[in-house]
Amino acid sequence: MTDPRDVDGERPVVLRGGLVLTLDDAHRVLPRADVLVVGDRIAAVGGNLDVPAGTVEIDASGGIVMPGMIDTHRHMWQTAMRGYGADWTLTQYFVWYYLESGRHFRPQDVRAGNLLAAVEAIDAGVTTTVDWSHGLQTVEHAEAAVDALRAVPGRFVLAYGNIQQAPWEWSTSADFQAFARRLLDAADDKLGFQLAFDVTGDPAFPEKAAYEVARELGAPVTTHAGVWGATNDDGIRLAHEAGFLDETSVFVHAATLTADSYHRIAATGGSVSVSTESEQSAGQGYPPTWALRAHGIPVSLSMDTSVWWSGDLFSAMRTTLGADRSREHFEAHAKGETITHCTLRAEQVVEWATRGGARALGRDRELGSLEPGKKADVVLLKNDRSPVSFPLLNPYGHVAFQAQRGDVHTVLVDGRVVKHEHALVGVDLAAVRRDVDATVEHLRATLGEEAWEKGMNPDIPETTILDNPYTYTEYSSAATHGR
């Protein structure tokens, strides 16, 4: 019998007898069903499927088969510093990356972080990740980022950004535009492209030039919006009034916006990437899923950065449920009332982690659900060695509250088995570790041991309030910094 780890997409694969969460329009849940993959596509979903001769079989009994998860906002280049900023606030993050130490990253350091993040993603069943790559100080940094993404058998989107230079400068440069056109010309469906920049709310709207470049390239724009002390309603209003917002627009966080901004996003068909662990801990604002649901705005989930938080969407699902429900209870108790029924359900956050991401990327016809004809990005959750794997009663609740990355048994991306029996396939972790170790050594040596330790252990009483985290502009908004 062929070992599934030897399958490279050339032979059909069937996952047999699992509980299948299709995430199709009807949200069908199919007990003891099969998922047949032929080439890079899902060929059939159902019970006791007939399969072509030579099909490789994977026993999914006792497990959950679901679509690959999609992370719509992760600063992959920072992953070599995993856990370094566990006790940071957003202000300290801005100081470290935007104002001081982030400029010390070389192209090979961006590559090391991207490589580790990409491997980590597929290990956790995240088959598509948006690399919100705002550390691309030069085109050489961008080339290194792409090199890492292409080296890992996942699906990625390079969201090109540069926090050390104004977006209206780097986006209009000949070097960037040549790089962008090369990437777009060479792109396949495993590497997409976005522009990543923030809109400060400056009435002069200098970011207009970057939006115009994105429109000329045909590339979507993703932006940190509604971030306390950095971006606000004015940025949404300016982009909307200039006609740049549409269904491809992805707003990250969107946590401190007013109803005016939510109406503009809803009216133009944009979506919001919620990073609940980040918003809860760093200070962008309260996770806004309650407001997004009220305004009918599509939601996807993301993990932001492993400098603080985990890199898997199981954490995103459970913290999102917790934050939304906590707010609902808190507000009811303040009025002397009791919440007797949960408004946000586990089923909904599982959809946000899969099909919600596909919609945000404009790929709902190909990704995000298990349906014949769609791309074969498939995850099997199964862990026969864990007592948490049974009983399997409420599958959406199990995914959102019980499962974790250690339960990811098998992952297929584009029909290729990239993880099986809890082990990555064809990944040289030792080589990844060597690259990451070299980056850590470089940063420690460059900063000096005292600065390195101080950055990791910031003083509690001394907190500087930034007038503006963006070094490329003098503009600051009274609506945020002046409070």
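How much space lies in the largest cavity? The answer is about 130 Å³. The structure is a predicted model, and the values below are computed from it.

Start with the lining of this cavity. Of the 18 residues that line the largest cavity, Leu90, Tyr93, Phe94, His224 and His253 are the closest to its centre. Helix α1, which covers residues 90-100, gives the largest share of the lining, namely four residues. By class, the lining of the largest cavity holds eight nonpolar residues, eight polar ones and two charged ones.

The lining of the second largest cavity divides into five nonpolar, six polar and two charged residues.

How are such spaces found? Rolling a probe the size of a water molecule over the atoms shows where empty space is left. A cavity here is a place where a 1.4 Å probe fits but cannot get out. With a cut-off of 30 Å³ or more, the count comes to six cavities.

Last, consider the annotated part of the chain. An unreviewed UniProt entry carries the annotation "domain: Amidohydrolase-related" for residues 64-418. In the model, this span is 41% helix and 17% strand.

Methods: Residues numbered from 1 in each chain as written. Predicted model: local features only at pLDDT ≥ 70, side-chain atom pairs only at ≥ 80, totals over all residues. Heavy atoms only, no water. UniProt positions renumbered as here; feature names shortened; annotations may be inferred. Helix = DSSP H or I, 4+ residues; strand = E, 2+ residues; numbered from the N terminus. 1 Å grid on protein atoms, 1.4 Å probe; cavity = no way out; pocket = protein on both sides within 12 Å on 5 of 7 lines; lining within 4 Å. Points joined across faces, edges and corners; volume = space filled by probe spheres on them. Nonpolar A, V, L, I, M, F, W, Y, C, P; charged D, E, K, R; others polar.
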